[in-house]
Amino acid sequence: MRVLLTGGAGYIGAHTAVALVEAGHDVLVVDDLSNSSAEAVARVERITGATIPLLSADARDADALTAFVREHAPVDAVIHLAGLKAVGESVAEPLRYYDVNIGSSIAVLKVMAAEGIRTIVFSSSATVYGEPESLPLSEESPTGIDLANPYGKTKRMIEEILKDAAAADPHLRAVSLRYFNPVGAHDSGLIGEDPTGVPNNLMPYVARVAVGALERVGVFGDDYDTPDGTGQRDYIHVVDLAAGHVAALEHAREGYEVYNLGTGTPVSVLELIAAFERAAGKEIPREILPRRAGDIAASYCDPSKAQRELGWRATRTIDDACRDSWNWQSNNPRGYATA
Ligand code: NAD
Ligand code: WQD
């Protein structure tokens, strides 16, 4: 299939592009490069040997999307990754998050309908579950209750938009993938996570401490009701996550479906830091800090629906993710700017 990746120059998009090409698909990318670099797409080309057409444009720009799709017709599917993803920023700038995340989704769906593109895979998030009532989280677990941040609300709303669009068009194949915590990097060390500024997320922060770019890791609370008192998450290797997109694309059928993409294995902050120390062969300085506002104690999924229906499951461990994250960071201490 020929697949348009919106946000395809980003962390997950670049890895998904590699997985799609290696599965025999053609890929084109639209990305406004607001949180990524064209270098990431160039490196995808280096890894795969494929040519990846890149349009630097806003995914809300339906005219630009239409022209690009027609230039590369026939396009068979869209994987919609473009969007803003910083939870804290979304609280400060809700209108921007609604405009970008929901506006781009509506524009993409309109262009798909006009151009006869019938399949969409959407980057949703475990954030839609909010504070879990029970664990593990399955796709039937409650969502959207007391979501504390606009970011999570945009993901929840876009899932509803996809559900309604699929109900209105019996030919539409729509899939939401609820990512848990993506970590790691492609084993080539050529692509990886390259957050702008000081990372909000744990793994890239630890990686920056390991290369000496940051002094120490702040552990946000060690008084949670977890085995070692620190927060537990379901860290999924980004290469496994990318493979989940290929499986979702190839198994998409008419209607709307949602899948958790995670490992089902909770890992704590201290366990991740210990795994990174093993990977890097060095101590990672840390200090215990108060809990971060809005954090939940634990989140991890039941990944059995994706395994049952998509024939997909995560195979890489937190040690694999730390090894690959260290390889990326140590070979690219300034991310893509190293180029
Ligand atoms: P990322 O920021 O690396 O990638 C997003 C890409 O979208 C970037 O390349 C950015 O330049 C682009 N973009 C942003 N606004 C755009 C616009 N208006 N038009 C075109 N391009 C635009 O983030 P990521 O981690 O790769 O996340 C990809 C998707 O997965 C996002 O939708 C995010 O919400 C979702 N997600 C991410 C995580 C995570 O922890 N990384 C977890 C769950 C869901
Ligand atoms: C993981 C654990 C922290 C940083 C976020 C978004 C979510 C999704 C994935 C987009 C927690 C602890 C963190 C640090 C720490 N993104 N931590 N020190 O919060 O589970 O999820 O990213 O969809 O929407 O909310 O990920 O990596 O920020 O935190 O102790 O410097 O690490 O308390 O327990 P989170 P995270």
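Which side chain has an N or O atom 2.8 Å from an oxygen atom of ligand 1? I looked it up, and the side chain is that of Lys-85.

Before going on, I note that this is a predicted model, where local features need pLDDT of at least 70, side-chain atom pairs count only at pLDDT 80 or more, and totals for chains, interfaces and linings use all residues. Residues are numbered from 1 along each chain as written, chains are lettered from A and ligands numbered from 1 in written order, and side-chain values use heavy atoms, without hydrogens and water.

**Ligand entry.** I checked two more polar contacts (pairs of N or O atoms within 3.5 Å). The side chain of Asp-31 puts an N or O atom 2.6 Å from an oxygen atom of ligand 1. At Asp-32, a backbone N or O atom is 3.1 Å from a nitrogen atom of the ligand. Alone, ligand 1 exposes 810 Å², and the protein buries 95% of that (Shrake-Rupley method, 1.4 Å probe).

**Shell entry.** I found 27 residues around ligand 1, with Asn-35 and Tyr-151 among the closest (a heavy atom within 4 Å). β5 gives the largest share, three residues (strands are DSSP E runs of at least two residues, helices H or I runs of at least four).

**Core entry.** The largest nonpolar core has 46 residues (buried Ala, Val, Leu, Ile, Met, Phe, Trp, Tyr and Cys joined through side-chain atoms within 4.5 Å). Buried means under 20% relative accessible area (1.4 Å probe, protein chains only). α1 gives this core the most, eight residues.

Key:
A polar contact is a pair of N or O atoms within 3.5 Å; within protein, one must be able to donate a hydrogen and the other to accept it, and residues adjacent in sequence count only if both atoms are side-chain atoms. Buried means under 20% relative accessible area, exposed over 50%, partly exposed in between (1.4 Å probe, protein chains only).
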